[in-house]
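User: Hi! I'm new to reading protein structures. Could you walk me through this one?

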Amino acid sequence: MSLLDLRSDTVTLPTPPMKDAMMNAEVGDDIYGEDPTINALENKLAKMFGMEAGLFCASGTMANQIAINVHTQPGDEVICHEYSHIYNYEGGGTAFNSGVNVRLTRGPRGIVRSGEVEALLHDGKDIHPAPIGLIEMENTVNKAGGTCYTLEEIRGLSDLARKARIPFHMDGARFFNASIAMGYSAGEVGPLLDSISICLSKGLGCPVGSVLLGSRDFITRARRIRKRFGGGMRQAGILAAAGIYALDHHIHRLEEDHKMAQSIGLWLQELEGVEKVFPVETNIVIFSLKDPKKQNELIEKMRSEGVRFGTLGPNLLRFVTHLDLPENTSDLLYSRMKAVI
């Protein structure tokens, strides 16, 4: 029986060609700025997004937390959605690492809406509310089921942030999923942002790493914070080589993951025990059961059938498609789900 691991797209293993690229990488000491493969990865992504510089980081959480630290001062407030990764899944890092508060928006589909943000802004003359130090968005929105921003929605937030002179950061952990689904390019989105974190270890299939992008001055300051956070690495070009390979070979294949997720979403709606399937936009499928008490029972039964998947809370179950799954995953998953649900 084949194992189907749909817990996350972070479970992917490097492909044989990616391993070859890693083993043949030219390396140096990145703390001294002398690792040519890391430099090449940072420059490659910066050029793709029309930004000045990049910084290779150990994880998306580290990249986001560095960005928050550089953009804000202790006592500031970060505007983000209640579903955002920086609020739900980064261990309280906004408070612990940077001493900043969080102001939540609650737009549908996990989307930060410019009108809602505008209502939260103030001129700073009133000493009671915290200064707004950063506006943050996540694309795609994991907790909302891989939902995507339109280019117009991003542009609206960008215009608002620049008018208010507030930095604008995108958590682009699955940006290329959104890019493929919505039809916009990195070069169209980059100029609308002050910074963006790009995760390499999700749909792109790398074993480790994210890259933070921004202006040259921003990245200079970010490099110091990365060191302070213990994130400085030495001959990490072995890891960066995987990122270069993924950018060259794994972006357009994300469409396959989306098609697989859409197929799963369609037949889930027909299963007797399923109450609701959230709209499938990219590679994440979220659904609920008619009987919430059966959530844990279903997880265990499916595990015995060789299927692993996760949850996003009470009666919110999640499948995530990725490059390590066989082409017939949808059919295999359907037969095993139908047998136990």
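Analyst: Happy to! Let's begin with a term: a salt bridge is a side-chain nitrogen of Lys or Arg within 4 Å of a carboxyl oxygen of Asp or Glu. Also keep in mind that this is a predicted model.

User: OK, how many salt bridges does the structure hold?

Analyst: There are 15 salt bridges. One of them joins the side chains of Lys 44 and Asp 248, with 2.8 Å from N to O. That pair links distant parts of the chain, since Lys 44 is in helix H2 (residues 36-49) and Asp 248 is in helix H11 (residues 237-249), 204 residues apart.

User: Is Lys 44 buried, exposed or partly exposed? And what about Asp 248?

Analyst: Lys 44 has 28% relative accessibility, so it counts as partly exposed. Asp 248 is at 45%, so it counts as partly exposed too.

User: Which residue forms a salt bridge with Glu 297?

Analyst: Lys 301 does, and the closest N and O atoms are 2.9 Å apart. Both residues are in helix H13 (residues 295-304), and because they are 4 residues apart, about one helical turn separates them. In general, an α-helix has 3.6 residues a turn, so residues three or four places apart point the same way. Glu 297 is partly exposed, with a relative accessible area of 38%, and Lys 301 is partly exposed at 34%.

User: And Asp 257, is it buried or exposed?

Analyst: Asp 257 is buried, with a relative accessible area of 1%. Asp 257 forms a salt bridge with Arg 253, where the closest N and O atoms are 2.5 Å apart. Arg 253 has 15% relative accessibility, so it counts as buried as well.

User: Let's switch to helices. How far apart are the end C-alpha atoms of H10?

Analyst: They are 19 Å apart. Helix H10 covers residues 216-228, and at 1.5 Å a residue its 13 residues should span 18 Å, so the two values agree.

User: Which residues of H10 are buried?

Analyst: They are Phe 218, Ile 219, Ala 222, Ile 225 and Arg 226. These residues sit on the same side of H10, because they cover an arc of only 115 degrees around the axis.

User: So what is exposed on the other side of H10?

Analyst: Over there you'll find Arg 216, Thr 220, Arg 224, Lys 227 and Arg 228 exposed.

User: What covers the buried residues of H10?

Analyst: The cover includes strand S2 (53-57), helix H3 (60-71), strand S7 (195-199) and strand S8 (210-214).

User: You mentioned S2. Where is Cys 57, and what does it touch?

Analyst: Cys 57 is in strand S2. Leaving out residues up to four places away in sequence, Cys 57 touches Met 62, Ala 63, Ile 66, Gly 209, Ser 210, Leu 212, Arg 226 and Met 233. Arg 226 is one of the buried residues of H10. Cys 57 itself has a relative accessible area of 0%, so it is buried.

User: Back to H11 for a moment. Which of its residues are buried?

Analyst: In H11, the buried ones are Gly 237, Ala 240, Ala 241, Ala 242, Gly 243, Ile 244, Tyr 245, Ala 246 and Leu 247. The buried residues pack against H1, H2, S2 and helix H8 (175-182). The 13 residues of H11 should span 18 Å at 1.5 Å a residue, and this agrees with the 18 Å between its end C-alpha atoms.

User: Now the surface. Which residues make the nonpolar surface patch?

Analyst: Met 23, Val 27 and Ile 238 make a nonpolar surface patch of about 270 Å². Met 23 is in helix H1 (residues 16-23), and with 63% relative accessibility it counts as exposed.

User: Last one: where is Gln 73?

Analyst: Gln 73 is in the loop between H3 and strand S3 (77-81). Its relative accessible area is 52%, so Gln 73 is exposed. Not counting residues up to four places away in sequence, Gln 73 touches Ser 98 and Val 100. Gln 73 and Ser 98 are 25 residues apart in sequence, and their C-alpha atoms are 7.2 Å apart in space.

Notes:
Residues numbered from 1 in each chain as written. Predicted model: local features only at pLDDT ≥ 70, side-chain atom pairs only at ≥ 80, totals over all residues. Heavy atoms only, no water. Helix = DSSP H or I, 4+ residues; strand = E, 2+ residues; numbered from the N terminus. Expected span 1.5 Å × (residues − 1). Buried < 20%, exposed > 50% of the residue type's maximum accessible area, 1.4 Å probe, protein only. Arc of directions from axis to C-beta. Contact = heavy atoms within 4.5 Å. Patch = residues over 30% accessible without salt bridge, like charges linked within 9 Å, V, L, I, M, F, W, Y side chains within 5 Å. Areas by Shrake-Rupley, 256 points an atom, 1.4 Å probe, with all protein chains shown as cover.
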